[in-house]
Amino acid sequence: MVFGKFSVIVSTTFCLKSRNWLCAELEMLSEARARLANTQGKKAKRKAREKQMEEARRLASLQKRRELRAAGIEVREKRRRKRGIDYAAEVPFEKKPAPGFYDTSNEAFDPLDPNFKRLRQQQLDGELRRDKEAREQRKDKERLKNRKENNLPEAILAQNKYVRLHCNCH
């Protein structure tokens, strides 16, 4: 009978603990749900607020200009100074030629000079090393193939000798 009372006490404390645990878990789940529902973070809210303020400022200045114009006061819009170079409007670091005529009779024209309009860097550099290596490897493969076809016994002996020299297996 005592054992029965003990088991009843244990089960009621377990139920109380599980109920508290469930409440805590439900609270955590509701907090997580609230965090997920708040998709706009601090940065997004600040950006939206700044955008709204900018739009309000623009509309206020537009309204002010309209009212001044209606009153007969002309207000010229201030031009903002551009920072840096406007690449669409001008050529950066352009050197304009000196005014006046330029005598070209002293210039020498060499027809063997390369045509720089059609010239590529590869043509100036010459053949690339990797291309040269690939060509040499193809030549070596072709030589080995010819040697094997023409002189099979010597090729086998040379290969065995190579294996004996470079491998430490006896």
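Helices here are DSSP runs of at least four residues, numbered from the N terminus. Keep in mind that the model is predicted.

**Stop 1: the loop.** Select I85. This residue sits in the loop between helix 2 (42-71) and helix 3 (121-125). I85 is partly exposed, at 34% relative accessible area. Show its neighbours: leaving out residues up to four places away in sequence, I85 touches E90 and P92.

**Stop 2: the patch.** With I85 they form a nonpolar surface patch, whose accessible area together is about 410 Å². F93 also belongs to the loop between helix 2 and helix 3. Its relative accessibility is 78%; the cut-off for exposed is over 50%, so F93 counts as exposed.

Stop 3: Now turn to charged pairs. Side chains of opposite charge can pair when their charged atoms come close. The whole structure holds four salt bridges. Visit these in turn:

- Select R46 and E50. Their side chains form a salt bridge, 3.6 Å from N to O. Both lie in helix 2, four residues apart, about one turn of the helix. R46 is partly exposed at 37%, and E50 is partly exposed at 43%.
- Select E54 and R57. The closest N and O atoms of this salt bridge are 2.8 Å apart. Both residues lie in helix 2, three residues apart. E54 is partly exposed, at 46% relative accessibility.
- Select E55 and R58. Here the salt bridge has its closest N and O atoms 2.9 Å apart. The two are three residues apart in helix 2, so about one helical turn separates them. R58 is partly exposed at 43%; E55 is partly exposed at 36%.

Conventions
Residues numbered from 1 in each chain as written. Predicted model: local features only at pLDDT ≥ 70, side-chain atom pairs only at ≥ 80, totals over all residues. Heavy atoms only, no water. Buried < 20%, exposed > 50% of the residue type's maximum accessible area, 1.4 Å probe, protein only. Contact = heavy atoms within 4.5 Å. Patch = residues over 30% accessible without salt bridge, like charges linked within 9 Å, V, L, I, M, F, W, Y side chains within 5 Å. Areas by Shrake-Rupley, 256 points an atom, 1.4 Å probe, with all protein chains shown as cover.
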